[in-house]
Structures are given as structure tokens and as C-alpha cells.
Amino acid sequence: MKSIAALPMYDWPEMRGEVDAQWALLRDAFRKKGIDAPEALVRVNGDLPPVPGGIRDGEGKIIAPDPVTLPPDELDFHRLWLHPALLFGQTCWGPMDLGLSAHVQVVAQPSYDAYEGGQGELYSSALVMRADGGPSVSSPVDGAPLITLDLLRGKRFTFNDTGSMSGFLGLKRDLEAMGESLDLFASRSPSGGHRSSIVAIAEGRADVAAIDCESWALAQRFEPAARQVKIVGWTGRRKGLPFITARTTPDKTVAALREAVAGLG
């Protein structure tokens with residue numbers, strides 16, 4: 001089965017060219033290490049090689065259906081991450097904490113130095129609400145959470161999905177460390193994505209969301225609704241989105257992938 005690669009986590013439509021260029025650098029570095037890296041990234045289920053009988057774990061138990069059973073023009077992240085042909089991909093520590101880590105291997109951690117709220121392999125999320133003319137809150141230098149409970153209490157919280165570290169779990173854990181919980185919000189509703197959360201706040205359908213610092217930077221560039229919201233706080237810094245490979249990728253290949261990524265750093 002030919003290997004596949006994907007970089008879906010920040011692959012906004014406006015970013016396709018930049019993401020493809022990022023992959024070209026990685027692909028060429030991998031090939032110099034003797035790895036047969038695919039020419040292009042996969043972006044939809046229809047790009048995934050079939051796995052007759054379904055995707056199985058190390059004990060032979062089916063953990064995901066054959067990708068050919070999925071809508072071909074969509075992309076199911078979990079099927080991508082679990083695919084036995086995955087040479088190189090990117091996920092979130094939310095799904096990793098919720099069980100994905102048993103089925104993949106971590107290759108490397110990207111740097112978030114280029115973004116406010118990021119430091120090396122650590123990133124944080126901006127807590128955003130509708131703009132009121134006041135200034136945005138800067139990211140704490142020490143990376144500690146900056147959360148004003150009274151500002152959030154009774155508000156409508158929207159999030160990309162409950163498995164997201166940046167959009168849901170990170171804030172949940174920070175609140176719990178403060179003796180609070182997500183119950184301080186009047187309501188909680190999934191938006192389907194960070195960008196959709198920003199739009200929901202701008203349109204008045206929600207009051208607050210946690211947006212990871214790289215997605216917030218992309219929103220500043222590409223999403224007009226971002227001009228109608230502002231930063232009111234920050235979650236604590238945590239490890240950013242890891243690059244992964246399939247559980248079945250040979251140790252020698254994993255080592256070469258790590259060397260190649262480190263060489264580009």
C-alpha cells in the first residue's frame with residue numbers, strides 16, 4: 001500500500017498554497033533520507049487507499065471502517081489518523097489523550113514561536129468575545145492561564161469539538177484548576193471549527209470561544225469576522241499539535257522522519 005501524508009489542521013482554503021509548499025519541503029527532506037514520500041497531500045476521504053475489511057489495531061480488532069465507505073468529498077480526521085498507510089500527518093493532543101496515542105507514533109512537535117501565545121513546541125488559545133471598542137489582552141509572558149471568571153460566567157460558549165485540546169479540553173482543565181468548570185457558561189454548543197466559532201461570535205450566536213494561537217493568526221489574515229471580536233484572555237500553554245505516523249511505520253523510517261524534520265528546524 002502506497003504511503004499517504006496530510007497536514008489538515010491549518011489547511012484553510014486560503015492556505016492551500018502555503019501548506020503545499022510546507023509539504024514540498026518536508027517531502028524532499030524525507031526523500032533525501034531514502035523515504036518514499038508521496039508527491040502530494042491527501043485532503044478528502046476519496047484520496048485514502050482502501051483498507052478491505054476495515055482498519056484494525058495491533059490485536060486485529062476493527063477500529064475504523066474501510067475509507068471507501070465514507071463520503072468521498074469530506075475528510076474524516078480519525079480515519080486519516082488511524083490509516084495504516086499514514087507516513088506523516090498532524091493531530092491534536094485532545095484526540096491523543098482520548099485514545100489515539102495507542103494507534104500512532106509521534107514524530108515531532110512544530111514550533112509556535114511565530115505566533116502570540118506560542119513558545120517553541122507550546123501553544124495556547126486566545127479567549128475571544130465580541131469586540132466592544134476596548135483593547136485585546138496580550139498573552140502572558142510566563143504562559144500561565146489568564147482567565148477572568150466573572151467575564152465568562154453566564155455566557156454562551158462555542159467550541160470546535162469536544163475532543164479539541166485548544167478549543168475545549170484546555171479551557172476545561174484550566175477552569176478545573178481554578179475550582180470552576182464549564183458549568184459557569186449559560187450554554188455550550190459545537191461550531192465544527194475554530195473559524196466557525198469566530199463567525200458565530202461576530203454574528204451574535206455565541207459569546208465566547210477558545211481559539212488556538214495559530215488559527216487566530218490565520219483568522220487575522222483571512223476571516224473578516226475576526227475584526228468583530230477581540231481577545232479577553234488566554235488558556236495556559238500546552239504542547240502543540242504533534243506530527244504523527246502510523247503505528248506500523250518501521251522504527252528505521254520513524255527515526256529518518258525525525259532526523260529530516262529536525263534538519264528543517
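**Figure 1. Arg 43 and its salt-bridge partner Asp 20 in the predicted model**. Arg 43 is partly exposed in this predicted model, with a relative accessible area of 22%, and its side chain meets that of Asp 20 in a salt bridge with an N to O distance of 3.0 Å. The pair links distant parts of the chain, since Asp 20 belongs to helix H1 whereas Arg 43 sits in the loop between H1 and strand E2 (55-56), 23 residues apart. Asp 20 is likewise partly exposed, its relative accessible area being 33%. Both residues take part in a network of salt bridges that also includes Asp 11 and Arg 16.

**Figure 2. The salt bridge between Arg 195 and Glu 14**. The closest N and O atoms of Arg 195 and Glu 14 are 2.7 Å apart in this salt bridge. Arg 195 lies in helix H6 (residues 194-202), while Glu 14 is in the loop between strand E1 (4-5) and helix H1 (16-32), so the pair ties together parts of the chain that are 181 residues apart in sequence. Glu 14 counts as partly exposed, at 35% relative accessibility.

**Figure 3. The salt bridge between Glu 39 and Arg 31**. In this view Glu 39 pairs with Arg 31, with 3.0 Å between the closest N and O atoms. Arg 31 has a relative accessibility of 35% and therefore counts as partly exposed. The count of salt bridges in the model comes to 20.

**Figure 4. The surroundings of Gln 109**. Gln 109 is found in the loop between strand E5 (104-108) and strand E6 (122-123), and its relative accessible area of 19% places it among buried residues, because the cut-off for that class is under 20%. The side chains of Gln 109 and Trp 93 are joined by a polar contact of 3.0 Å, and a polar atom of the Gln 109 side chain also lies 2.9 Å from the backbone oxygen of Gly 240. When neighbours within four places in sequence are left aside, the residues in contact with Gln 109 are Trp 93, Glu 121, Lys 239, Gly 240, Leu 241 and Pro 242.

**Figure 5. Thr 69 in the loop between strand E3 and helix H2**. The loop that holds Thr 69 runs between strand E3 (62-64) and helix H2 (77-82), and Thr 69 is exposed there, with a relative accessible area of 53%. The side chain of Thr 69 reaches the backbone oxygen of Asp 66 at a distance of 2.7 Å. Computed along the sequence Thr 69 and Gly 54 are 15 residues apart, and in space their C-alpha atoms are 9.4 Å apart.

Definitions and conventions. Residues numbered from 1 in each chain as written. Predicted model: local features only at pLDDT ≥ 70, side-chain atom pairs only at ≥ 80, totals over all residues. Heavy atoms only, no water. Helix = DSSP H or I, 4+ residues; strand = E, 2+ residues; numbered from the N terminus. Buried < 20%, exposed > 50% of the residue type's maximum accessible area, 1.4 Å probe, protein only. Polar contact = N/O pair within 3.5 Å; in protein donor to acceptor, adjacent residues only side chain to side chain. Contact = heavy atoms within 4.5 Å. Salt bridge = Lys/Arg side-chain N within 4 Å of Asp/Glu carboxyl O.
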